[in-house]
Amino acid sequence: MFERFTKDARAVVQGAVEHAERAGAGSMDAEHLLLALLDREAGRASFALAALGLAERGDAVREALGEARRRAGLSQADAEALAGLGIDVSEIVARVEEAHGVGAMSGDRKDKGWSGRRSFGRGAKETLEKALRIAVARRDRHIGDEHILLALTVRPGVSGEVLADHGVTYESVVRVLYGGGEAKAG
């Protein structure tokens, strides 16, 4: 599948791997793809994110992703659902961090480096597969970084939730990239 990726899409995947390595994560996941997209200053996805105002709010997105990582990757919707069952995720996180240190539930392994082949987590695999499906549905011959962004907006979980909370939805990205709004990527 990677042979169909554009240079920008490959750079996003490589950037995501680097984010995962720096975080000490056991595998690269969807959140790392979003962080890599935020880092990029070129490409169609960067254009869309800038047009939607996310370029200026990148720190807020990074903070929201960090908070989700502290909650062991639970989205805010998951935390609210658990709250409905009487489970206070914030209290659990506070107790675990009190006993084991800040970020204990994040799954990051600061003491271990990556070895050999980089593994892709389920979320990253699903996002890249969805990017392929979106590209095929749009009759695009290649998978670009914009397809990765679109895939992140429709995939349930932390990345999609954080993007939606910051006004980046599938519809808004399509409008910016393909028309129907003021801006259009060329």
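Modeller: Start with one term. Two residues are in contact when heavy atoms of one lie within 4.5 Å of heavy atoms of the other. Keep in mind that this is a predicted model.

Biologist: Then let me try the term out. Which residues does Glu146 touch, leaving out those up to four places away in sequence?

Modeller: Glu146 touches Arg44, Ala45, Leu177 and Tyr178. Glu146 itself sits in helix H8, which spans residues 145-154.

Biologist: Is Glu146 buried or exposed?

Modeller: Buried means under 20% relative accessible area. Glu146 has 8%, so it counts as buried.

Biologist: What about the rest of H8? How many of its residues are buried?

Modeller: H8 is mostly covered, with 9 of its 10 residues buried. Asp145, Glu146, His147, Ile148, Leu149, Leu150, Ala151, Leu152 and Thr153 make up that buried set.

Biologist: Let me step back. How many helices and strands does the protein have?

Modeller: There are 10 helices and 0 strands. Read from the N terminus, the order is α-α-α-α-α-α-α-α-α-α. The protein has 186 residues, and 40% of them count as buried.

Biologist: How do I read the contacts over the whole chain? What share joins residues at least 24 apart?

Modeller: Take the contacts between residues at least 6 apart in sequence; 66% of these join residues at least 24 apart. Asp8, in helix H1, gives you a case to look at. Its C-alpha atom is 8.7 Å from that of Arg40, a residue 32 places away along the chain. Beyond its sequence neighbours within four places, Asp8 contacts Arg40, Gly43 and Asp145.

Biologist: Now the core. What should I look for?

Modeller: In soluble globular proteins, nonpolar side chains tend to be buried together. Here the largest nonpolar core has 43 residues. Met28, Leu33, Leu37, Ile148, Leu149, Leu152 and Val173 have the most contacts inside it. At least two core residues come from each of H1 (7-23), H2 (30-39), H3 (44-51), H4 (58-70), H7 (122-137), H8, H9 (158-165) and H10 (170-178). H2 gives the most, with 7 residues.

Biologist: Which residues does Val173 touch, not counting those up to four places away in sequence?

Modeller: Val173 touches Ala48, Leu52, Leu149, Leu150, Thr153 and Val168.

Biologist: I also see Thr127. Where is it placed?

Modeller: Thr127 is in helix H7. It is buried because its relative accessible area is 0%. Outside its sequence neighbours up to four places away, Thr127 touches Ala30, Leu33, Ile148, Ala151, Leu152 and Arg155.

Biologist: How do I describe a pair of helices?

Modeller: Two packed helices are described by the angle between their axes and the distance between the axes. The crossing is right-handed.

Biologist: Which residues of H1 and H2 meet?

Modeller: On the H1 side, Val12, Val13, Gly15, Ala16, His19 and Ala20. On the H2 side, His32, Leu33, Leu35, Ala36, Leu37 and Asp39. Glu18 also lies in H1. With 34% relative accessibility, Glu18 counts as partly exposed. From Glu18 to Ala36, C-alpha to C-alpha, is 8.5 Å, across 18 residues of sequence.

Biologist: Last, the aromatic rings. How are they read?

Modeller: A pair of aromatic rings is described by the distance of the centres and the angle of the planes. The cut-off for a pair is centres within 6.5 Å. By this rule the model has 0 aromatic pairs.

Biologist: What lies over the face of Tyr178?

Modeller: Arg138 does, at 3.5 Å from the ring centre.

Note on methods. Residues numbered from 1 in each chain as written. Predicted model: local features only at pLDDT ≥ 70, side-chain atom pairs only at ≥ 80, totals over all residues. Heavy atoms only, no water. Phe/Tyr/Trp six-rings, centres within 6.5 Å; stacked < 30°, edge-to-face > 60°. Lys NZ or Arg CZ within 6 Å of the ring centre and 35° of its normal. Helix = DSSP H or I, 4+ residues; strand = E, 2+ residues; numbered from the N terminus. Buried < 20%, exposed > 50% of the residue type's maximum accessible area, 1.4 Å probe, protein only. Core = buried A, V, L, I, M, F, W, Y, C linked by side-chain atoms within 4.5 Å. Left-handed = near helix turned anticlockwise from the far one by under 90°.
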